[in-house]
Amino acid sequence: MRRGARWTVVVAAAAVAAMAAAPAAARSADDTVELDEAGQVTDRAGVLARRGGEVERALAGLQERTRLQLFVTYVHDFSGHEPQSWADAVADRNGLGRYDLLLAIGTDDRAHALSADVHSGLSAPQLARVEASVIRPALRLGDWAGAAIGAADGYTAVRGNQPVPKPRLRAAPADPGAVGSGGADPVLVPIALVAAGLVVLGYLARYGLRSRYRMVPLRWSGRSTEPPTQSHDPPLDELDRRARGLLIETDDAVRTRAEAYAYAAGAPPPALGRAATRTAEALRIRFRLDEPALERNDLERRRLLEEIELRCGQAGEALAAARPEVDEAAVRAGAAALPDRIAAAEEALRRLGERFGPAAVAPVAGHPAAARARSAQGAEALNRDDAAAAAAPLAGAGLLVDGVDRWVAEVERAATAFAQAVVETETDLAEAGGEHALREVSARAAAALAEARAMAAGDPFGALRRLGGADAVLARELASRREREDRNRRARSLFEQALLTAAPTLAAAQAHLTAHRESVGTPARTRLAQAAHLLERSWEVAHNDPATALPIAWRVDALAVEGRALARHDTGESGPMA
C-alpha cells in the first residue's frame, strides 16, 4: 500500500505536474521518434492537415537567413517522460548538430520542449523570449502550425537582435489529435510546499548516451557536436551568483503564491503547478552542481547554470498567470482562529516531549513560534486592510500548525511501528540461528536491536533508523532461502518503515524552510528538492520492487535531515536534530 497520501505536502510539485500533464490513457507516444527524412516536420499526431507546407516554408526561411535548422515533431504525448528529457534524447538519437534545433510538441496536453545546442548562437534568454511570445500562446489556442511558424520567425528575429514579431495565430475549435478536450484539466494544487520535484526519468541512459558528464557541452539538456567558439559569456563566478539569486527569488515567489491560494476563491490554476515544477527542476539542477564530478568541468557547469536561469524564467512566466483572488472574509476568519490553534499545537508538543523527550519534538519544536510570527505579519497587513498581503503569512502559519499535528501523529505511529519492527528482527535473528555464514551479519543486527530498544523510549524515529539499516542487511542475506511471497512481504515492511521516517522528516524540513525562507540559502533548498524527487521515485519503484526502493527511501531521509540542518544553520538555530 502506498503510504504517501498523508505527505503530499512534500511532493506538491510532483502531484501538480503529474495531474497537469497527464497524457490520455487511450494513446501514448513512442519512447523515441525517428525524424522524417523527407523534411523537417514529423507529424505523428496528425494535426497539421493542410498546413504542413506552410510550416516547411517557414522552417526553410529560418535556415536560409540564419543557418539554423529547426526540426518540429508532433506526438500525442511523451509517454510519461519529462518533455525536456524526451526532446533531448530524440535530438541525440537522430544526430542533430550544433545549428539544429528540435521543437517537440505533445498535442494531448499541449506540452512542449525545445532542444538546442548551447553553442547554436541562441542564448537561454532568447529562447525564453520566443517561447513566451510565440510558442506558448500558439499552443494555448491549439494552433499547432502557428507554434512552429512563429518559432521559426522568432528565432530569426532574436538571432538578428530584433524583437520577436507578433504571431498571427488561428484558434482551433478542438484539438484533432487529442482524446477529449485537448486542454489541461484544472488542477488542485496542494497549498503546502511546492518546492518539490517531479520524477526525472532515466531516458537518456536507456538509449545509451555516452556520458552524464561530457567534456564538450551539450544541448540545453542534450549534447553539442562541436567545441565552443570564443564568446562574450559572463564569467562563471558571476553566472553562478546570478543563478543562485534567481533561484532563491523564484522559489520564494512560488511558495508565497501557493500560500496565498489557501484563501482564494476557486482552485489554484495549472499555471501554479507549472511554476512549481520548473522551480523544482532548477533546484535539482543546482543540486547536481555540488557533485564532485563537476568541480573542474567548467563547460558543463556553465550549461547547467544557464539551464537554471531558463527554468526560473519559465517559472516566472507561469507564476505571472497565477494570481489569486483572495477572499477577505476567509482571511479574517483564519486570522481569528490562529491563536487558539497555535496554543493547541504548543500543548500537543509539550505532551509529546513529556512522553518521549526532546529528540522526538526537535524537528517541529520551532513551528509554533514561527507560526506566531507569521500570524503577526498577517494581522499587521489586516490592520492596513490589505487582505491580499495577509493571505500568505496567515496560510503559512496555518501550515506550520498543521505540521505539528501531523508530526505528533507520526511519532505515535513510529512507536507502534517500532514494536512491530522488533518482532520482525527477532524473527530474522531466529531464522539465522548460529549459522556460521551469517554470524557477523546477525551480530550487527542484534547489536542494532539492543541500541534501538534503548533509543525507542525517547526517539521512535531514531530507533527505526538504527534498526532498519542493520536488519535490512540480515533480511537480504536470508532472502535467498525464503519463498518469493515472504521475500516481498519482508522487503515491503522494511520499505514502509524507512518511509515512515523519511516522509515526515522531509515534510517538517520543508515547513521549516518555508517559514524561514527569507534567510535560507540554496544548499538547503536543493537537498530538500532532491529528497522530494527521490521520495516520489521510491513510491514508484516500490510498487513492483520494494527491495530496490528501500535504499532510495534511506537517501530521502538522509537528504531531509541534511537539508534541515543546513536551513537551521542559515537561520542561526542550534539544538538536537532528528
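Which residue in β4 does I105 stand opposite? I105 faces H112. The model described here is predicted.

## The four-strand sheet

Four strands form an open sheet in the order β1-β2-β3-β4, and their pairing is mixed. The edges are taken by β1 (41-43) and β4 (111-116). Each of these has a single partner strand, so one side of each has no neighbour in the sheet. On average, neighbouring strands are turned by 10° against each other, direction ignored.

At one end of the order, β1 pairs with β2 (residues 69-75) in the parallel sense, over 3 bridges. Within this pairing V41 is placed opposite V72 of β2. At the other end, β3 and β4 are antiparallel and share 6 bridges. The hairpin of β3 and β4 has 4 residues between the strands, and R110 takes a positive phi near 60° there. Strands of a sheet pair through backbone hydrogen bonds, whether parallel or antiparallel.

## Cover on the sheet

Two helices lie across parts of the sheet. Helix α2 (residues 52-66) lies across β1 and β2 and runs at about 150° to β2. Helix α3 (residues 83-93) lies across β2, β3 (100-106) and β4, at about 45° to β4.

The largest nonpolar core contains 53 residues, and L352, L394 and F418 have the most contacts inside it. At least two residues of this core come from each of α10 (328-356), α11 (358-361), α12 (367-383), α13 (387-432), α14 (439-456), α15 (460-479) and α16 (484-515). Helix α13 gives the largest share, 19 residues. Leaving out residues up to four places away in sequence, L352 touches G357, A360, V361, W407, V408 and V411.

In the pair of W407 and F461, the ring centres are 4.9 Å apart and the planes are at 65°. The pair is edge-to-face because that angle is over 60 degrees.

W407 belongs to helix α13 and F461 to helix α15, so the pair ties together parts that are 54 residues apart in sequence. Both W407 and F461 are buried. W407 is also one of the residues touched by L352.

## Helix α9

How many of the 23 residues of α9 are buried? The number is 17, so the helix is largely enclosed by the rest of the structure. Helix α9 covers residues 298-320. At 1.5 Å a residue it should span 33 Å, and this agrees with the 33 Å between its end C-alpha atoms.

T156 is in helix α5 (residues 144-159). Its relative accessibility is 17%, and T156 therefore counts as buried, the cut-off being under 20%. Apart from neighbours within four places in sequence, T156 is in contact with L62, R65 and T66.

L535 is buried, with a relative accessible area of 0%. A524 also counts as buried, at 0% relative accessibility.

L535 and I552 are 17 residues apart along the chain, and their C-alpha atoms are separated by 7.4 Å. For A524 and G563, 39 residues apart along the chain, the C-alpha separation is 4.3 Å. Not counting residues up to four places away in sequence, A524 touches L513, G563, L566 and A567.

Key:
Residues numbered from 1 in each chain as written. Predicted model: local features only at pLDDT ≥ 70, side-chain atom pairs only at ≥ 80, totals over all residues. Heavy atoms only, no water. Pairing = 2+ DSSP bridges. Axes fitted to C-alpha atoms, helices over the stretch in contact; angles between N-to-C directions. Contact = heavy atoms within 4.5 Å. Core = buried A, V, L, I, M, F, W, Y, C linked by side-chain atoms within 4.5 Å. Buried < 20%, exposed > 50% of the residue type's maximum accessible area, 1.4 Å probe, protein only. Expected span 1.5 Å × (residues − 1). Phe/Tyr/Trp six-rings, centres within 6.5 Å; stacked < 30°, edge-to-face > 60°.
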